[in-house]
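Dear colleague,

Please find below the structure that I am handing over to you.

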Amino acid sequence: MKLLVPVKRVIDYNVKPRVKSDGSGVDLSNVKMSMNPFDEIAVEEAIRLKEQGVASEIVVVSIGVAKAQETLRTALAMGADRAILIETDAEVEPLGVAKLLAKVTAEEQPGLVILGKQAIDDDSNQTGQMLAALLGWAQGTFASKVEVEGDSVAVTREVDGGLETVKLRLPAIVTTDLRLNEPRYASLPNIMKAKSKPLANRKPEEFGVDISPRLETVSVSEPAKRSAGIKVGSVDELVAKLKELGVAA
Amino acid sequence: MKALVWVEHEGGALKDATLSAVSAAAQLGEVHLLVAGQDVGGVAEAAAQIAGVAKVHVADDAAYAHALAENVAPLVVGLMAHHEAFLTPATTTGKNIAPRVAALLDVMQISDILSVEGPDSFTRPIYAGNAIATIRSKDAKKVITVRGTAFAKAERTGGGASIEPVAATAGTGLSSFVGAEIAASERPELTSAKIIVSGGRALKDSETFEQLIFPLADKLGAAVGASRAAVDAGYVPNDYQVGQTGKIVAPEVYVAVGISGAIQHLAGMKDSKTIIAINKDEDAPIFQVADIGLVADLYTAVPELTGKL
């Protein structure tokens, strides 16, 4: 079976984002960008399914600026077979992304689409669920374990109280949680090899879907700053403070 | 505007997260609730008592027993013919269902709102809470998930809503529930606790975590949380995790023990009223947000603190 893995180029998770002074957004100029961490986990899981002999081919897809090519090359270096870039300078919302991915899915006919559970820039946590809805497929969100068995997949999900296992009819959508796996690093020979793997360049217009934004960002601001705290010198002082707060008797 | 709120419940009891979503919905218009599940008569009765609720829709069917998104989303979409907004708490259940509903309605979902600024306008955190976006929705119908800690909880009593059964939509058969491993805890629930004691990587192993963090939490009547590092190292189960990818909390008092304060963690707790940090590294970022800091070795400071309380 073929696997489709959508990946997103986002601000590196180690970078502390700065809000632009005019309130128009977050300053992304000259900031290190990387593959969204949850998407790395999705790529890794796809590769493991291929190594287990469950999957035959891994196609990675990204929607975004020309530089998103680098993100796709990273996925190819990890072990994906080929890539599709849907190039656009416009910001595409999860609904638009899901619509484009639904078209790609119709073309590629994968047995499983594995996405990250959320992107660390917009923190939406929507695309996988939306894609499942548009395709009429089952969804296994926040997966910490994925086991393909014949024409179904068992997905263990991280839910608020603990873990939950659901069985989904294939084809299906899975979104990855942090504990699903530990993504591998691409080795230098594999990075070189990835340069010659196929990468198709497409445009959103080819797919004939409406991706115009539904949400308008009015402004972006810094969160309220916390006022400076104090340091206490001993446990006794801390106990006294806790008593002041009414936390300790 | 009529707003439909998803009622989250477990074991026949209505969960607190629902009450915050009701408060958010009340700022939009008339509040209706949806109770879906199997044998949920009792939950519906409790839901009808919530202050400010006009109507409770009840869908009682085996297909809704485990809130599988595939089965529940068509039910919600049917009800959305008569409602202008659908709100869920931003819990794992809400986050699983709401985007599926939104896509079926062809609208963009608004995730994890912090405030309602107007009928179309909301604030929400982006970049792990490092920025707050004000957004305006152009969609005719709104699908929204609500950050529980950002809204006061509606009163559980004082309401007198009518209860109306909803005809069940057929199960889709796309998915089935196999089983669950729910971590048992006698301590308060993390997301609704007034006090939280949280431990990080510095605890070294699960035994130390238990020996140091649990007694302190029990002395304070607190819930226990953990950083991602502590969870990944296997000290505690992952439902203890506080952070961007775990639970978002805002207790009265948050005690961070041996937690450095990475932005991923801060995103989950920096709205706490008072933050107390115990860390031996005086340059740890946690001290930049802590109201009260103690630079000390947690192996001596925590037992001493527990003993003196």
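This is a predicted model: local features need pLDDT of at least 70, side-chain atom pairs count only at pLDDT 80 or more; totals for chains, interfaces and linings use all residues.

Chain A

The secondary structure of chain A consists of 6 helices and 13 strands. Along the principal axes, its C-alpha atoms fill a box of roughly 65 × 45 × 40 Å. Of the 249 residues in chain A, 54% are buried. Among the contacts in chain A with a separation of 6 or more, 70% are between residues 24 or more positions apart.

Arg184(A) is placed in the loop between β10 (172-176) and α5 (188-194) of chain A, and with a relative accessible area of 29% it is partly exposed. In sequence, Arg184(A) and Glu44(A) are 140 residues apart, yet their C-alpha atoms are 6.8 Å apart in space. Leaving aside residues up to four places away in sequence, Arg184(A) touches Glu44(A), Ile47(A), Arg48(A), Glu51(A) and Met78(A). With Glu51(A), the side chain of Arg184(A) also makes a polar contact of 2.8 Å.

Salt bridges

Side chains of opposite charge can pair when their charged atoms come close. Over all chains, the count comes to 34 salt bridges. In chain A, a network of salt bridges links Lys2(A), Glu57(A), Arg82(A) and Glu108(A).

Another salt bridge joins the side chains of Asp106(B) and Arg214(A), at 3.1 Å from N to O. This pair crosses between chains: Asp106(B) belongs to the loop between α4 (92-104) and β7 (109-113) of chain B, and Arg214(A) to the loop between β11 (199-202) and β12 (215-221) of chain A. The two partners fall into separate classes of accessibility. Asp106(B) is partly exposed, its relative accessible area being 35%, whereas Arg214(A) counts as buried at 12% because the limit for that class is under 20%.

Within chain B, Arg156(B) and Asp16(B) meet through their side chains in a salt bridge of 3.0 Å, N to O. This pair links distant parts of the chain, 140 residues apart: Arg156(B) lies in the loop between β11 (142-146) and β12 (162-165) of chain B, and Asp16(B) in helix α1 (residues 16-26) of chain B. Arg156(B) is partly exposed at 38% relative accessibility, and Asp16(B) is partly exposed at 24%.

Lys55(B) and Glu164(B) form a further salt bridge, in which the closest N and O atoms are 3.4 Å apart. Here too distant parts of the chain are linked, for Lys55(B) is in strand β5 (residues 53-60) of chain B and Glu164(B) is in strand β12 of chain B, 109 residues apart. Lys55(B) has a relative accessible area of 23% and is partly exposed; Glu164(B), with 33%, is likewise partly exposed.

A buried charge without a salt bridge

Glu8(B) lies in the loop between β1 (2-6) and β2 (9-10) of chain B. Which side chain of opposite charge is nearest to Glu8(B)? That side chain is Lys15(B), 4.5 Å away. Glu8(B) is buried yet has no salt bridge, because a salt bridge requires the nitrogen and the carboxyl oxygen to be within 4 Å. The side chain of Glu8(B) does make a polar contact of 3.4 Å with the side chain of Thr93(B). Residues up to four places away in sequence aside, the residues that Glu8(B) touches include Asp160(A) from the other chain, as well as Ala13(B), Leu14(B), Lys15(B) and Thr18(B). Pro89(B), Thr91(B), Thr93(B) and Gly94(B) are also among the residues in contact with Glu8(B).

Aromatic rings

A pair of aromatic rings is described by the distance of the centres and the angle of the planes. The count over all chains comes to 1 aromatic pair. Phe209(B) and Phe214(B) form this pair, which is edge-to-face, with 6.0 Å from centre to centre and 85 degrees between the planes. Phe209(B) is buried, with a relative accessible area of 0%, and Phe214(B) also counts as buried, at 14%.

Phe214(B) has a charged neighbour as well: the charged end of Arg187(B) sits over its ring, 4.3 Å from the centre.

With kind regards

How values were computed:
Residues are numbered from 1 along each chain as its sequence is written. Chains are lettered from A and ligands numbered from 1 in the order in which they are written. Side-chain values use heavy atoms; hydrogens and water are left out. Helices (H or I, at least four residues) and strands (E, at least two) are DSSP runs, numbered from the N terminus. Buried means under 20% relative accessible area, exposed over 50%, partly exposed in between (1.4 Å probe, protein chains only). Lys and Arg count as positive and Asp and Glu as negative; His and the chain ends are not counted. A polar contact is a pair of N or O atoms within 3.5 Å; within protein, one must be able to donate a hydrogen and the other to accept it, and residues adjacent in sequence count only if both atoms are side-chain atoms. Contact means heavy atoms within 4.5 Å. Rings of Phe, Tyr and Trp (its six-membered ring) pair if their centres lie within 6.5 Å; planes under 30 degrees apart count as stacked, over 60 as edge-to-face and the rest as tilted. A charge sits over a ring if NZ of Lys or CZ of Arg is within 6 Å of the ring centre and within 35 degrees of the ring normal.
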